[in-house]
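Here are my notes on the model, as numbered points. Please keep the structure open while reading.

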Amino acid sequence: MHTLVLNAGYEPLAVVSFKRALMLVLNNKATILAGSADLTVHSANREFELPTVILLARYVRVSNSRAIPVSRRGVLRRDGHNCAYCGRYANTIDHVQPKSRGGRDSWENLVAACLKCNNKKGDKTLAEIGWSLSFSPKMPTGLSWVVRGAEKVDPVWSNYLALANAA
Ligand SMILES: [Zn+2]
């Protein structure tokens with residue numbers, strides 16, 4: 001289970017483990033906004049509900065250009081496991097500009113691809129094989145990415161996420 005971390009201005013910031021969230025609370029860096037009533041933990045002299053949402057005491061500045069490292073899992077998640085070429089279920093990733101032709105490991109050059117398309121495309125460029133992309137691959141940004149990164153979204157979070165979307 002994980003905890004949603006809100007910045008001091010109540011904007012959702014990240015999803016962290018319970019353990020990390022508790023450390024923030026114990027060090028007075030965050031307060032618990034919502035907890036799981038049936039799970040409590042004890043410290044030397046306090047008892048806590050396991051936090052599901054915490055609020056940071058101090059505002060953390062977030063750079064918009066914060067780079068998200070590219071990964072196979074990340075590319076598949078960004079593209080919703082849809083093959084960029086045929087739209088079928090994809091569980092491999094493809095270099096749009098082949099690596100052997102100078103293509104980089106970047107969000108802009110990697111797309112989800114099914115095994116069939118991946119094999120067919122091989123070391124060819126899109127122009128050579130006559131395929132095109134229906135979107136421009138980019139680094140994912142924003143809150144939806146942070147939250148979708150969690151294995152499981154706690155229903156309690158929706159209150160706080162709705163607030164953020166309205167703002
Ligand atoms: Zn395909």
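1. Start with the metal site. This is a predicted model. The site of the zinc ion is tetrahedral, with angles of 103 to 118 degrees among its four donor atoms. For reference, the ideal angle for four tetrahedral donors is 109.5 degrees.

2. Which protein atoms are the donors of the zinc ion? They are the SG atoms of Cys83, Cys86, Cys114 and Cys117. These donors lie 2.3 to 2.4 Å from the zinc ion. Along the chain, their spacing reads C-x2-C-x27-C-x2-C.

3. Look next at Cys86 and Cys114. This pair links distant parts of the chain, 28 residues apart. Cys86 sits in the loop between H2 and E5. Cys114 sits in the loop between strand E6 (110–113) and helix H3 (115–121).

4. Buried or partly exposed? Cys86 is partly exposed, at 34% relative accessibility. Cys114 has a relative accessible area of 8%, so this residue counts as buried, the cut-off being under 20%.

5. Now the aromatic rings. The count comes to one aromatic pair. Tyr85 and Trp131 form this pair, with 5.0 Å centre to centre and 40 degrees between the planes.

6. Last, accessibility of the two rings' residues. Tyr85 is buried, at 16% relative accessibility. Trp131 is partly exposed, at 23%.

Notes:
Residues are numbered from 1 along each chain as its sequence is written. This is a predicted model: local features need pLDDT of at least 70, side-chain atom pairs count only at pLDDT 80 or more; totals for chains, interfaces and linings use all residues. Side-chain values use heavy atoms; hydrogens and water are left out. Rings of Phe, Tyr and Trp (its six-membered ring) pair if their centres lie within 6.5 Å; planes under 30 degrees apart count as stacked, over 60 as edge-to-face and the rest as tilted. Buried means under 20% relative accessible area, exposed over 50%, partly exposed in between (1.4 Å probe, protein chains only). Donors are N, O and S atoms within 2.8 Å of the metal (3.2 Å for Na, K and Ca); water is not among the atoms, so sites may look incomplete. Four donors count as tetrahedral if all angles lie between 85 and 135 degrees; four count as square planar and six as octahedral if opposite donors are over 155 degrees apart and all others between 65 and 115; anything else is irregular. Helices (H or I, at least four residues) and strands (E, at least two) are DSSP runs, numbered from the N terminus.
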